[in-house]
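Biologist: I am new to this structure. Could you take me through the strands, the core and any enclosed space?

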Amino acid sequence: MTSTREDPPFGRTLCAMVTPFTEAGTLDLDGAQRLAARLVAEGCDGLVLNGTSGESTTTTDEEKTRLVAAVREAVGDRTALVAGVGTADTRHTVELARAAGKAGADGVLVVTPYYSRPPQEAVAEHFRQVAGASELPVMVYDIPGRTGTRIEPDTMIRLAEHPRIVAVKDCSYDFLGTQKVLALTGLAYYAGCDEHVLALYAVGAAGCVSTVANAVPAHIAAIPAAFDAGDTARARALQLAAMPLIEAMTGAGLPGTVTAKALLARLGLPAGPVRAPLLPAGRAAADGLLARYEALASG
């Protein structure tokens with residue numbers, strides 16, 4: 001599988017899809033299928049399941065596998081499915097990666113082991129073991145703000161030598177380090193922070209993994225599309241127009257899962273409650289999200 005800008009390994013606009021639950025808190029597979037079908041129909045050529053936005057830390061292994069299988073059934077082969085399998089335990093991560101492949105995933109998203117704060121060589125070995133134990137290509141997830149451990153650029157460059165480590169979801173907030181890796185490797189970088197979709201794409205990223213796309217998939221997909229068409233002014237306008245909603249969903253103090261589910265619920269789309277320890281957004285926050293969504297839709 002290639003990881004070039006022209007032929008990205010998992011598509012260009014990926015949605016970090018929320019995991020819909022019923023009001024009783026159980027997995028809503030019908031809702032997940034309907035949400036996935038909408039996202040694909042409106043511009044997402046890839047979906048990331050069981051990631052941070054999918055509440056992976058509070059779903060069981062069985063729920064994760066069932067979700068991948070159900071979404072695969074819903075979207076067929078029209079879109080790439082990347083399954084989040086990252087845990088703090090290398091052996092458990094390997095088990096989840098193998099299960100994801102059997103359920104129909106096209107690739108796996110593997111986050112840096114959290115809490116234990118392993119040194120860089122241990123971080124690298126974790127990713128190598130997961131990549132070596134599964135036939136699926138790996139998207140490395142660099143999000144030190146949540147894991148407590150950065151994947152240093154030099155470590156990322158070494159990881160790029162593994163034939164199945166092909167992509168990065170970048171939430172490092174280190175634009176210099178990201179450009180260094182882009183310049184020296186063939187890794188397909190995906191902006192994992194919605195405010196960086198255009199900026200990272202402009203320096204050679206493959207696309208984005210967007211939480212905001214849960215609500216406005218067509219708008220997010222239009223940003224790289226405009227850039228590819230040579231209309232950089234439109235790409236800039238689209239990015240800036242989305243910023244109020246991006247700020248409300250990802251920068252206002254609430255987790256993106258909480259805000260995405262609150263907005264989807266207001267729009268009558270499958271979402272359901274969040275699982276503890278998360279709490280739902282209050283009415284004022286939900287009102288604000290809806291107002292920014294409507295402003296974007298009307299503008």
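Modeller: A definition comes before the strands: two strands pair if DSSP finds at least two bridges between them. Please also keep in mind that this is a predicted model.

Biologist: How many bridges join strand β7 to β8?

Modeller: Strand β7 (residues 188–191) is joined to β8 by 2 bridges, and these strands run parallel. Tyr-190 has Gly-207 as its bridge partner in β8.

Biologist: Which sense does the pairing of β1 and β8 have?

Modeller: Strand β1 (residues 13–16) pairs with β8 in the parallel sense, over 3 bridges. Leu-14 has Val-209 as its bridge partner in β8.

Biologist: And the residues of β8, are they buried or exposed?

Modeller: Gly-207, Cys-208, Val-209 and Ser-210 are all buried. Gly-207 and Val-209 point one way from the strand, while Cys-208 and Ser-210 point the other way. In a regular strand, side chains alternate between the two faces of the sheet.

Biologist: Turning to the core, which residues have the most contacts inside the largest one?

Modeller: Met-17, Leu-47 and Val-71 do, in a nonpolar core of 77 residues. Helix α10 (residues 232–250) gives the largest share of this core, 7 residues. Apart from it lies another core of 19 residues, including Phe-10 and Ile-143.

Biologist: What does Met-17 touch?

Modeller: Leaving aside residues up to four places away in sequence, its contacts include Leu-47, Val-71 and Asn-214.

Biologist: What volume does the largest cavity have?

Modeller: The volume is about 60 Å³. Its lining residues divide into 6 nonpolar, 3 polar and 1 charged. Among them are Asn-50, Lys-64 and Leu-96.

How values were computed
Residues numbered from 1 in each chain as written. Predicted model: local features only at pLDDT ≥ 70, side-chain atom pairs only at ≥ 80, totals over all residues. Heavy atoms only, no water. 1 Å grid on protein atoms, 1.4 Å probe; cavity = no way out; pocket = protein on both sides within 12 Å on 5 of 7 lines; lining within 4 Å. Points joined across faces, edges and corners; volume = space filled by probe spheres on them. Nonpolar A, V, L, I, M, F, W, Y, C, P; charged D, E, K, R; others polar. Core = buried A, V, L, I, M, F, W, Y, C linked by side-chain atoms within 4.5 Å. Buried < 20%, exposed > 50% of the residue type's maximum accessible area, 1.4 Å probe, protein only. Helix = DSSP H or I, 4+ residues; strand = E, 2+ residues; numbered from the N terminus. Contact = heavy atoms within 4.5 Å.
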